[in-house]
Amino acid sequence: MKFQIFVTLLALSLSVSAQDTPADTNLIDTASDTSLVIVAPVTSLIAIDHNYDKGEIIDLRWVPSIDDQLLDGKVLGYNVYRIVNNGEPDLIAELPPSTTSFQDQDCHLDSVYSYYVAALSESFEANSNRTAPISTEREWLNFDRKWLFLIALIVGGSVILFITAARRGTKLFVRKIAGLEAVDDAVGRATEMGRPILFIPGIRDMDDVQTLAGLTILGRISRVIADYDTRIFMPTSRSLVMTAGRETIKAAYTAAGRPDKYSDDMVTYYTDEQFGYVAAVDGVMVREKPATVFLLGAFFAESLILAETGNYIGAIQIAGTARPAQLPFFIAACDFTLIGEELFAASAYLSGEPMQLGSLKGQDVGKAIAMVVIVAGVIAATIGEAWDVPFMHDVVGWLSGVFSTR
Amino acid sequence: MEAAFEHFRLWLAAFLTLGIFSFLYKDNPWYKLSEAIFVGISAGYWFVVLFWDNFFGKFWVGAGDYTMQWLASVFTGGESPSAEGVDLMLWIGAILGFLMLLRLIPKIGWLSRWPLAFIVGATAGLWLINYIASNVMVQVQATMVPLFSTVFGAGFDAGSGVIIGGLVIFLGTFSGLVYFFFSKAHTGAFGTTARVGVFFLMITFGASFGYTVMSRMSLLIGRIDYLLGDWLGMIK
């Protein structure tokens, strides 16, 4: 009786093993053929639901075929097969030798997946065991980005604190920004010369934060222009920017008590095409000869063409962008340039409003934290490297982990 | 016929190219004509592209067509259309876009501010995280470099390069941050550090200037190649 149970169990285990390991079947069937270059299959294949995703990724990891770990490795690569809901296997990836992982990014929440990996030689495919069936899960929070959240919270919290302080009457200091000191003078010059002011908001749409910064400064400039009763003209290359520009100037004229002086013709749309827009604006410059040109927003290859034309007609030019590649041209051809962050600080500086000043101060808290961490990190990395102090290596590793954006 | 059209295309392109170049002399009717053609055609082109890509390609295919069919089925009692590939969220964008058009009706034109407010708010929120991640965290992580190298040896070897590179990265980033710190006046040691930051910025801009000018030269060469090669056939 005991012998019969043992035989039955042995037969069962062999049949299960044969079902689960197509690799063995292959090996047994083909091992006798000496023309085949037989390789061992990968081992320890596991499939894991990817952490903190929307439920569309499964991670696969394996130990490569032993024949892939030798100097004269015979493995030419790996094929990854996927079985969805107990259906037929599908080839989903062809990978090079030495690969030990794969990410299946085409999964769905309502399906069950199983995988196997085939090690390939010139004439043989050694299949691994199939993974256990797995389904994906959706996570609502991405804890990989907890430090990003914390830093955003600190900066955001600082902004709120400073805005509250400014509203209570606390004076918030902001250092002088040279280009912005010249705004009133530049508008005054246009008034004295009886010429218009040209405001160019860049060529990006409202989904670019530089355009938003440019329009915020436009609000302040328009207020001064309305006070001085000067003309402003704003050519745009995006319809939404045109609409936002009109709203901004209209609000500024209304705030200055001169809504009757506002006209929709102050802001116009030409074309979305980059150089078509440039051709039109250049034409406006040489025909209208504005006394002052503001170039504030996101600029690309057109920056030098516009700035050089403004320089050619003798306009005083105040430019600002956060695009490093275009800043050199503005610095070369304009009278004042707001470099990167200064463009974003400009509106707060010009308006002096608690909301904007608080925001600027909050950003400074972020910069202060960055400076402290950089100094600490460099000191730790240097000591760690010079004297091989494991603790310092750990500190650098921890800081790198905190500031990793993965 | 095709050859004649090709000739016409070549001559027209050359005529317009030279018209734009004529601006280098001064503003003139030839430039004005080229400019007007460029602006007019490109504005029309972009209207068509945006209409077919966004309104038709995304909204109508993704939600509009399905909604119309569904409404028809409700009113006629027919079979509901298949919802496969339908994304009704696209209606949010369509409604916001429609609100923009209300500017044309002065009495309710104020409704067009809502989509603007939505775009501005969403942009600010999205960019806050992007900026913190890419401009702050990645930069800080990349700047924590050792100012010492264990492969340091005699002469200007790889170790010296590592140390100098580390110093440039650290000093450049730190002094640049000091320059862009707005809560303290640029005086004393703080001001000196900020000036170092300005030096780093200017050196970077100088290098960038040269690099970009060279890429612009290649654009000019492309146009001259067209004029002398494709048009006049002087370059084979």
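**Figure 1. Helix H9 of chain A and its buried residues.** In this predicted model, the buried residues of H9(A) pack against several elements of chain A: S8, H8, S11, strand S12 (316-321) and helix H10 (327-333). H9 itself covers residues 303-312. Its buried residues are Ser303(A), Leu304(A), Leu306(A), Ala307(A), Thr309(A) and Gly310(A). An α-helix has 3.6 residues a turn, so residues three or four places apart point the same way. After H9(A) comes Gly314(A). The phi angle of Gly314(A) is positive, near 80°.

**Figure 2. Strand S8 of chain A, seen with its partners.** How many residues of strand S8 (residues 197-202) are buried? The count is six of the six, so S8(A) is largely enclosed by the rest of the structure. One partner of S8(A) is strand S9 (residues 232-236) of chain A. Two bridges join this pair, and the two strands run parallel. Look for Ile197(A), which stands opposite Ile232(A) in S9(A). Between the two strands, the chain passes through helix H6 (residues 209-228) of chain A. This β-α-β crossover is right-handed. Strand S11 (residues 292-298) of chain A also pairs with S8(A). Here the pairing is again parallel, over five bridges. In this pair, Gly202(A) stands opposite Ala298(A).

**Figure 3. The six-stranded sheet of chain A.** What is the order of the strands in this open sheet? Read across, it is S10-S9-S8-S11-S12-S13, with parallel pairing. Strand S10 (267-269) and strand S13 (336-339) stand at the edges. Each edge strand has a single partner strand, so one side of each is left without a neighbour in the sheet. On average, neighbouring strands are turned by 15° against each other, direction ignored. Pro235(A) stands opposite Thr268(A) in S10(A). Strands of a sheet pair through backbone hydrogen bonds, either parallel or antiparallel.

**Figure 4. Glu288(A) in helix H8.** Find Glu288(A) in helix H8, which spans residues 274-288 of chain A. Is Glu288(A) buried, exposed or partly exposed? Glu288(A) has 14 C-beta neighbours inside 10 Å, so it counts as partly exposed. Leaving out residues up to four places away in sequence, Glu288(A) touches Pro196(A) and Phe233(A). Now look for Ala178(A). It is 110 residues from Glu288(A) in sequence. In space, their C-alpha atoms are 27 Å apart.

Figure 5. Helix H7 (residues 239-255) of chain A packs with helix H4 (residues 113-143) of chain B. Their axes are 11 Å apart, at an angle of about 105°. H7(A) and H4(B) are therefore roughly perpendicular to each other. From H7(A), the contact uses Leu240(A), Thr243(A), Ala244(A) and Glu247(A). From H4(B), it uses Arg113(B), Leu116(B) and Ile119(B).

**Figure 6. The contact between chain A and chain B.** This contact takes 57 residues from chain A and 54 residues from chain B. Which helices of chain B each supply at least two residues? They are helix H2 (29-76), H4, helix H5 (158-179) and helix H6 (188-231). H4(B) gives the most to this side of chain B, with 17 residues.

**Figure 7. Each chain on its own.** Chain A has 13 helices and 13 strands. Its radius of gyration is 33 Å, well over the 22 Å that the globule rule gives for 406 residues, so chain A is more spread out than a compact globule. The C-alpha trace of chain A spans about 110 × 50 × 45 Å along its principal axes. Of its 406 residues, 43% count as buried. Chain B has six helices and zero strands. For chain B, the radius of gyration is 29 Å, well over the 18 Å that the globule rule gives for 236 residues, so chain B is also more spread out than a compact globule. Its C-alpha atoms fill a box of roughly 85 × 60 × 40 Å along the principal axes. Of the 236 residues of chain B, 16% count as buried. Now take the contacts with a separation of 6 or more. Residues 24 or more positions apart account for 68% of them in chain A. In chain B, such residues account for 29%.

Note on methods:
Residues are numbered from 1 along each chain as its sequence is written. Chains are lettered from A and ligands numbered from 1 in the order in which they are written. This is a predicted model: local features need pLDDT of at least 70, side-chain atom pairs count only at pLDDT 80 or more; totals for chains, interfaces and linings use all residues. Helices (H or I, at least four residues) and strands (E, at least two) are DSSP runs, numbered from the N terminus. The radius of gyration is taken over C-alpha atoms; the globule rule is 2.2 Å times the number of residues to the power 0.38. A residue is buried if 20 or more other C-beta atoms lie within 10 Å of its own, exposed if 12 or fewer, and partly exposed in between; C-beta atoms are placed from the backbone. Two residues are in contact if their C-beta atoms, placed from the backbone, lie within 7 Å. Two strands pair if DSSP finds at least two bridges between them. A crossover is right-handed if, with the strands pointing away from the viewer, the path from the first strand over the helix to the second runs clockwise. Axes are lines fitted to C-alpha atoms, for helices over the stretch in contact, and angles run from 0 to 180 degrees between N-to-C directions. Angles under 35 degrees count as roughly parallel, over 145 as roughly antiparallel, 65 to 115 as roughly perpendicular and the rest as oblique.
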